[in-house]
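Subject: Structure handover

Hello,

Below is the structure I said I would pass on. My notes on it follow.

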Amino acid sequence: MSLALELVRSSLLAATPVLLAGIGGAYTYFANVFNIAMEGMMLIGAFTAVAGSYAARSWVVGLAAGIGGGLVAAALFTLFAVALRTDEFVTGTAINMLALGGTTYALRQMFGVRGAFMSGQIQAIPRWNLPLGPVLGGHPFVVYVALALALVADWHIRRTRFGLRLRAAGEDPRVLDAAGVSSQAVRAWSIMISGALCGLAGAYLSLGYVTLFAENMSNGRGWISLAVIILTRGRPLGILVMSLLFGLFDGIGMSLQGTAIPAQLTQMVPYIATLVALRVYSLRSRNEH
Amino acid sequence: MRRQQAVAAAVGVVVSLLAGLMILWLQGYPAAQSYSALFSYSLFSQFALFSTLNKASTLVLTGTSAAVGFGSNCINLGQVGQFLMGAMAAAAFGIAVGLPKWLTLPLVILASIVAGAGWSLLAALMKLKWRMNEFITTLMLNFVADYFTQWLISGPMLDPRAYSPMTRMTNPQAWLGMYNGLSGSVAVAACSFAVTWLVWNRSKFGYECRVMGQNPSFAAAGGCAVPRNFVLAMLLSGALAGLAGGLMVIGGMQHRFVKGIGANYAWDGVMIAIVAGNSIAATGLYALFFAVLQTGAMGMELETAVPSEFALVLQAIVVLAVVASRESTRLFLAGLAARIRARRAIALGDARAAQAAQLAQRAEADHAAPTGGGQDEPRA
Amino acid sequence: MSRDSENGAPGIQGIRMSGIVKVYPPDVLALDNVDIMIRWGTIHSIIGENGAGKSTLMKVLYGITPASAGRIFLDGRQVRFASPRQAVREGIGMVHQELMLIRSYTVWENVVVGSEPAAPLGTLKQAEARARVEELVTRWGLNLDPDAVVGDLSVSAQQKVEILKLLYRDASVLIMDEPTAVLTPQETSELFARLRQLNQAGGTIIFISHKLQEVLDISDEITVMRKGKRVMTAANEGLSRTDLARAMVGRDVVFAVGRQRSEPSGRGGTVDVGMKPRDAGSPAARGDERPHAARPALEVRGLSFTRPGAVKPALSDVSFDVSRGEILGVAGVEGNGQFELVQCITGALKPDAGSIRMDGRDVTGASVMERRRLMCSVPQDRKHTGSAQTMSITDNAIMAHHRLRPSLSARWRALLDPRACRGFCVDLMRRYSVVAPGPDAALAQLSGGNQQKVIVGREFSHDTGFVLLDNPTRGLDVGSIEFIHRQILNKRSGGAGCLLVSADLDELLALCDRILVMYEGRVAALLDGETADREAVGRAMLGLELSPEPGPGPGSEPEPEAGAEPRTEVGSE
């Protein structure tokens, strides 16, 4: 297989978690919830997915546990940020820390290891050998789910009753309340949706991308998703494109490994690429205004 | 107001400690014993107390760094990167500079401050020149700084005698002393804390930053130079984080930049600032409290085998509980006052209605018809 | 009246609210045992000054604000509205004072949101919704494009969208909360015609206002509220403005309040009618007559500004002067450039062209702090630009003084002297009779009127020749309004030139020596404050060309000087 093909394949794999979390974040973006807990939701999802898959020796249970983990984190976020009116930034930061501390603690407490946990007992998400050629075929099926979800979310946000209310809740919650629809409920739903999708992204990380759990394995992907959402103003199709672009840079970084350039420097590529993308965006938005 | 906040903080701390107790108990650890270990290993001996203070000296710096940032409405989440760059600068200068101690130490400290401030200046300039959100750029710069320093310590600056990535040891002229286990960095941190407090609470610049943090439009309308203050606040924030990193190198035990030197100090600082509501004084208190938890957690692991990472969980719970109880005690008290006021109003209204009915009856008896549809209330 | 005795009374057809109490946390008694009866098919006005509880009462009826106590009956049947949804189901709809519209949505999207026709899976039935909206627009002659984006519409058109929302939900009771506050007199008549039309079609209309004449013009029945209590309900016939005003305020009100314009150094008949706005240099001619007026307090010349990306300029070629000892009013429908004008003067915006001079000095490119030495400014939005609500009164009071007033500095000039700051604040609170727990209390703890006094006090403590006032009394109670008006008049008699931007025509007519009307970013007219009437100002606000002698319009308010010939000046095209 040629190097270029390999690059595209690995881009797609690397793009998937950013895409999934990004779609979830699009919902909170439109509901005007400052959701910086995506990183934590993803990390919790990654951990619970591994724990579920390990305990039940089943990837289905693992996947469900991953989504469930994300949902629990989202429920916590909703409890504090929506029900108790705690500041969203504060809640998000605390949940990120809880995720980091909690998974590290649980890793030692449950599996008695530090750093990373791997075992043959962890069942990975199966790959689908779709007849889509050498680039698109043979990925973990969550990759396809993610691509489809981008389309579904686009329709859901733009064309449905929920979408209309979601965007209204984001732009002016009082209007929605005056129309007899609880804006708080709409915001809560948006957080739960983002939690489920971030959990799925985490499950993909720990059961699809690799088959292990490592401390802080989300490694800033939730934040890159947030940057992607800001760059695309939450439009799911835009998120799709930007995530693939991010994946490409990740892929480039990885394919540079083994060359003369040290690995630590190639690993910087996606983060610098994000900065560059933000710069390009700021140029564009200046022209628009 | 302030008393209400103190009550909320106390409630939050107690609730979260109880929650932690519950978690331990549910997992089958000897909960009470673990907690007593937590405090005896962090407070109840000179060594324990000094260890706590050493840890607090770092936390107070990252904490004030975040508080100054957030309090001025600069969402600087780049403490991780600024800390690492500060530590790296201290290590590099400490290795390279061999002047007398009284010259070397200030120079190394200055280097770490400049490095931290410089790293945050990057984000400040990106915001100012290119309107890039500092909250994302600082996060991204964290990863850049992390990989950059990792590369330095495993490549160009790697100690050839070491088994894992780390720099060489710094010159002894760049070491802060240890006094019975109390690090000299405690003194440096205390000084910088005092200066930060003065700047924040007493200076014109600090006043403008505080206003900017509460309402930037008001600050701008009042003639404060908001962009300039933004850059200065970012610099101050970065400088404090950089200093924290520098002190890890010059004040610690290892006197070099080792892999993982940042631990979670930067994010701990963010959490401390958040629970302290960006008040500098409260940041100092919570830094001490978090230091107690972290130092004590080591003792807890020793005594009852609870993984020391438990401190991280407990910290996050403290943040959520304190902040949530701050808001909900306010709402609860306001709601309570409102209910009491309403009840009083209803009672008064009933009394008035009864009185009016009586008057009307009497008026009817005197057959003087009441005014059409109108209700003339007796003025109280 | 009695709380319960009428429950089952037959023959009373309508909405009855009984014993309504509402306390806003922690301790604001907004409604104090209010009983009210609204008959079907009437236009029922509720009148009262700001803070009397009119809006709160209606929000309770609409189910958006839960009452602390009390009951609501429809035709004697008790109902409970926990959400507007339930009120809507009973045919009650409300147009809020601040319009409740999603600015980025189209008209039809705004109309349907919350009651959307949807297919399975929640897909919007877009065509159906749009068609229904279009049908309603035609039937009621509303003249709206269903696909127009609401943010692009004028305020009066947005209000029509709000009415459309109610019609779409088949509301038979329309609550209109201060609908005329943002309209010109002409737009108000159009709205009244529409309300009468709806009323004739069988609708019940609850009309909320604090403007006496409007209420007398449109209502069948009038309820007066004061300090959270209902003080009177009566049929319209036979009521006069004086009756209503007395009931509203609780004492006799002199309508000419604030009209005492003739100050010693005041206008003295020097109305600048002939002065062309662009005619630079001429103001000096009249300056000699006044003690303080060596130079105009403010000179604006050829000010133009276009928002980046916008097609139409927000300001084009605006020129005028504010003399010392004068109050120049700025009128205009919201969004006709007043906002940008104020921002250019404060320094928040940089104009594309033109110049601004204060006290003779060119400040066009000056920073906000430099301007602060020459001007003080009471901003429009108390909470947004006027204060930091969470900070102490002292912290709010020293803004800008902290740099300009040396007495607040500590020995080391970079530091503030906390005791001096506190003393300054205490003094300010005394001079401006601010009611507050103390200088360390958070500003948010104060009532709106007291907050505004702190802001006005802070600004007026700057000894500057030019005073910018942007809607300084919006949303305040009568007492605070009077207080602030007195302070403004004091400033003027002290020789300062004031620029008063206000959405309240009555305020402008009461205080101003001259009134500048803005329309689409231009100076549409410069009217003499003494002779101008509501009609003339309203016509200029709508951009209708002014004849040199505008006749008194139909239904205009009787003005003391209505007979006098308004000397007006039409701006360039």
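Met518(C) is found in strand E19 (residues 514-519) of chain C; helices (H or I, at least four residues) and strands (E, at least two) are DSSP runs, numbered from the N terminus. This is a predicted model, in which local features need pLDDT of at least 70, side-chain atom pairs count only at pLDDT 80 or more, and totals for chains, interfaces and linings use all residues. Residues are numbered from 1 along each chain as its sequence is written, while chains are lettered from A and ligands numbered from 1 in the order in which they are written.

Met518(C) counts as buried because it has 26 C-beta neighbours inside 10 Å. The classes are: buried if 20 or more other C-beta atoms lie within 10 Å of the residue's own, exposed if 12 or fewer, partly exposed in between, with C-beta atoms placed from the backbone. Beyond its neighbours within four places in sequence, Met518(C) has contacts that include Val330(C), Gly332(C), Asn336(C) and Val523(C); a contact means C-beta atoms, placed from the backbone, within 7 Å. Arg361(C) is 157 residues from Met518(C) along the chain, and their C-alpha atoms are separated by 25 Å.

**Strand E3 of chain C**

Strand E3 (residues 43-47) of chain C is largely enclosed by the rest of the structure, because five of its five residues are buried. In a regular strand the side chains alternate between the two faces of the sheet. Here Ile43(C), Ser45(C) and Ile47(C) are buried on one side, and His44(C) and Ile46(C) on the other.

E3(C) pairs in the parallel sense with strand E8 (residues 204-209) of chain C over five bridges; pairing requires at least two DSSP bridges between two strands. In that pair, Ile43(C) stands opposite Ile205(C). E3(C) also runs parallel to strand E9 (residues 221-226) of chain C, joined by four bridges, and Ile47(C) is opposite Val224(C) there.

**Chain C overall**

Chain C has 18 helices and 20 strands. Of its 573 residues, 48% count as buried.

**Chain B**

The contact between chains B and C takes 33 residues from chain B and 42 residues from chain C. On the chain B side, H13(B) gives the most, with 13 residues.

Chain B averages a pLDDT of 89, and 96% of the residues score at least 70; pLDDT is the predictor's confidence in each residue, from 0 to 100. Over residues 368-380 of chain B the pLDDT is below 50. Where pLDDT is low, the predicted coordinates should not be read in detail.

Regards

Technical notes
Two residues are in contact if their C-beta atoms, placed from the backbone, lie within 7 Å.
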